[in-house]
Amino acid sequence: MAQIDLKQVKELRDRTQAGLNDCKSALSEAEGDMEKAVEIILKKGLAKSAKRAGAIAAEGAVSAFVDASGQSGVIVEVNIQTDFAARNADFLKFVDGVVAAASNAKTGADLGAEPFPGGPTVEDARQALVGKLGENITVRRWDRLIVEAGLVHAYIHMGGKVGALLAVKASPEGAKSAPLKKFMEETSMQIAAMTPSFLSVSDVDSDVKARQADIFDSQLKDEGKPDEVRGKIVEGKIAKWMKEICLLEQMSVIDNEKTIKAQVADLNKQVGPVELAGFVCYTRGEGIETKKDDFAAEATRMAQG
């Protein structure tokens, strides 16, 4: 019989989220063959079931689609419990189906009630897949961008970890131009890399700025900065913060001597009037609190009986 060590047990647990004793038993049955052990875990239904509504799903994928006209696009985030299951072919097929459902839905619709390709509804397909994979799955969010004249571009980074959708208004001639398409590709990557929160300074609500100013002021106060100088320092910090959170104010990651706003101005000279109409950026699992397993503590408990 193959010798099973804790490193192998931990790897199998990370891949399947099954219990330690189940992982150890599966590895013993598989005589140390990791792939065979994974198959045993799945066949026996030992991968953690997520049929409970409260099971945390923070893995999964962000995906997007732009229609043939190039003027309408959707972006979705679909979550599942483990990275292992997120690579499952059935899950990836489900994500594609959700994107298709979103592309046919009205803006703001509840995707769960929308028709799913090959099945009654997205929610029906979700429940069926939960039963098959034994993990909780959530269709967390979706959005759409449309322009009557211009282009919409989608970019997905790191296999669905981050996704960006960008809409730009332009003339029919400008929309066909290579410079505009290049700009949209690069700016979509900029959005995914720098994850701005707003398009322009004017989009930042006054209460958002006020809250951030209070944070900066409190930090300066803790540092011992006197009242008479804190105001000016806070103003400078807010100005710098705006350049970080507003897409148009960010320095380009491609041409780090120009802001996105300056690039738009250059583009106007090349292809005619161009205006950024909006963007959406999703980071997979963003804002979802996940439980961190203490493997060492659990291994100690197992050893103690």
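1. Two residues are in contact when heavy atoms of theirs lie within 4.5 Å, and in this protein residues 24 or more positions apart account for 63% of the contacts that have a separation of 6 or more. The model is predicted, so that local features need pLDDT of at least 70 and side-chain atom pairs count only at pLDDT 80 or more, while totals for chains, interfaces and linings use all residues. Residues are numbered from 1 along each chain as its sequence is written, and side-chain values use heavy atoms, with hydrogens and water left out.

2. The protein has 12 helices and six strands, where helices (H or I, at least four residues) and strands (E, at least two) are DSSP runs numbered from the N terminus. Of its 305 residues, 43% are buried, a word that stands for under 20% relative accessible area, with exposed meaning over 50% and partly exposed in between (1.4 Å probe, protein chains only).

3. Strand β1 (residues 59-66) and strand β2 (residues 72-80) pair in the antiparallel sense over eight bridges, and pairing here requires that DSSP finds at least two bridges between the strands. Val-66 has Gly-73 in β2 as its bridge partner. The two strands form a hairpin with five residues between them, and in the turn Gly-70 has a positive phi of about 75°.

4. Gly-278 belongs to strand β6 (residues 274-283), and with a relative accessible area of 11% this glycine is buried. Leaving aside residues up to four places away in sequence, Gly-278 touches Leu-145, Leu-165, Leu-166, Ala-167 and Leu-199. Leu-199 is 79 residues from Gly-278 along the chain, yet their C-alpha atoms are separated by 6.6 Å.

5. The structure holds one aromatic pair, a term for rings of Phe, Tyr and Trp (its six-membered ring) whose centres lie within 6.5 Å, with planes under 30 degrees apart counted as stacked, over 60 as edge-to-face and the rest as tilted. Phe-94 and Phe-116 form this pair, which is stacked, at 5.5 Å centre to centre and 25° between the planes. Because Phe-94 lies in helix α5 (residues 89-104) and Phe-116 in the loop between α5 and α6 (122-133), the pair ties together parts that are 22 residues apart in sequence. Phe-94 is buried at 4% relative accessible area, and Phe-116 is also buried, at 14%.

6. The charged end of Arg-141 sits over the ring of Tyr-282, 4.1 Å from its centre; for this, NZ of Lys or CZ of Arg must be within 6 Å of the ring centre and within 35 degrees of the ring normal. Lys-237 likewise has its charged end over the ring of Phe-216, 5.7 Å from the centre of that ring.
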